[in-house]
Amino acid sequence: MGNNNIKIEESWKQILAKEFESEYFAKLKAFLIEEKKKFQIFPEGNRIFSAFDFTPFEKVNVVILGQDPYHGAGQAHGLCFSVPDGIKQPPSLVNIFKEIETDMGYKMSDSGNLENWAKQGVLLLNATLTVRANQAGSHQNKGWETFTDAVIRNISEKREDIVFILWGSYAQAKTKIIDNSKHFILKSVHPSPLSVYRGFYGSKHFSKTNEFLISKRKLPIDWKI
């Protein structure tokens, strides 16, 4: 199976060519084709690889790792934690914005669309890139995690001085595939309402990210939306 029919930004297409031609990815594609016959799948097909399209490989300076796309109608658009303009901010995103306001000292927008971060080099990567409507976790363990682990490994091996922001135990498990001798890893509990008060608030990950980037002569991220 060639990768010519995969619509993804060109630098990522080259970097991930081996994944697209692998047996596991062929099985994943077959699974998704069957799923689409029976269920509504989020995000829409042309948005599955949005994180990559907004943030080419050489532009990545920060990686924020999520787990699953949102499974409600109109929410998922291919960037972790983000929702399109006009869609109500989900609880975790509300909490992320609250932490930015206390950490950075500015008021966040009513929009939950994080495309502006992605355009500045923040790869907003979910571990699983699709989900059935209204069924959280329904596409886990079908091959996406193997694919996104390969994304993380490629960034870790081929780039340096990247900030990896890992919220919650699921994201933190990825530490083992990141070379912490040449990257900066920030960890805390997940921003969900269940855990946010156990160390997400006050973690200052946004200012710490910018301090690190500036120390490496990189542009800081403008976290305003």
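A pocket here is an open set of points on a 1 Å grid over the protein atoms alone, with protein on both sides within 12 Å along at least five of seven lines, and a lining residue has an atom within 4 Å of a point. Grid points are joined across faces, edges and corners, and a volume is the space filled by probe spheres set on the points. Helix 3 (residues 23-38) contributes the most to the lining of the second largest pocket, with 5 residues. By class, this lining holds 7 nonpolar, 3 polar and 4 charged residues; Ala, Val, Leu, Ile, Met, Phe, Trp, Tyr, Cys and Pro count as nonpolar, Asp, Glu, Lys and Arg as charged, and the others, Gly among them, as polar.

Helix 8 supplies the largest share, 4 residues. The lining of the largest pocket comprises 12 nonpolar, 10 polar and 1 charged residues.

## Basis of the Description

The model is predicted: local features need pLDDT of at least 70, side-chain atom pairs count only at pLDDT 80 or more, and totals for chains, interfaces and linings use all residues. Residues are numbered from 1 along each chain as its sequence is written, and side-chain values use heavy atoms, with hydrogens and water left out.

## Cavities

A search of the whole structure finds 2 cavities of 30 Å³ or more, a cavity being a set of grid points where a 1.4 Å probe fits but cannot get out. The largest cavity has a volume of about 50 Å³. Of its 13 lining residues, Pro69, Ala76, Gly78, Leu79 and Asn126 are the closest to the centre. The lining of the largest cavity divides into 8 nonpolar, 4 polar and 1 charged residues.

The second largest cavity holds about 30 Å³ of space. Its lining is formed by Ile48, Pro69, Gly78, Leu124, Asn126 and Leu129. Of these residues, 4 are nonpolar, 2 are polar and none is charged.

Buried means under 20% relative accessible area, exposed over 50%, and partly exposed in between, with a 1.4 Å probe and protein chains only. Helices (H or I, at least four residues) and strands (E, at least two) are DSSP runs numbered from the N terminus. In a regular strand the side chains alternate between the two faces of the sheet. In strand 5, Val163, Ile165 and Trp167 point one way, while Phe164 and Leu166 point the other way.

Two strands pair if DSSP finds at least two bridges between them. Strand 5 pairs with strand 2 (residues 62-66) in the parallel sense over 4 bridges, and Val62 stands opposite Val163. Strand 5 also pairs with strand 6 (residues 184-188), again in the parallel sense, over 5 bridges. The bridge partner of Trp167 in strand 6 is Ser188.

## Strand 3

Strand 3 (residues 122-126) is mostly covered, with 5 of its 5 residues buried. Val122, Leu124 and Asn126 point one way from this strand, and Leu123 and Leu125 point the other way. Strand 2 and strand 3 pair in the parallel sense over 5 bridges, with Leu65 opposite Leu125.

The 15 residues of helix 7 (residues 144-158) should span 21 Å at 1.5 Å a residue, and the end C-alpha atoms are 21 Å apart, which agrees. The expected span is 1.5 Å times one less than the number of residues. Helix 7 is mostly covered, with 11 of its 15 residues buried; among them are Trp144, Phe147, Val151 and Ile155.

Ser192 lies in the loop between strand 6 and helix 9 (205-215). At 15% relative accessibility, Ser192 counts as buried. Beyond its neighbours within four places in sequence, Ser192 is in contact (heavy atoms within 4.5 Å) with Ser92 and Asn95.
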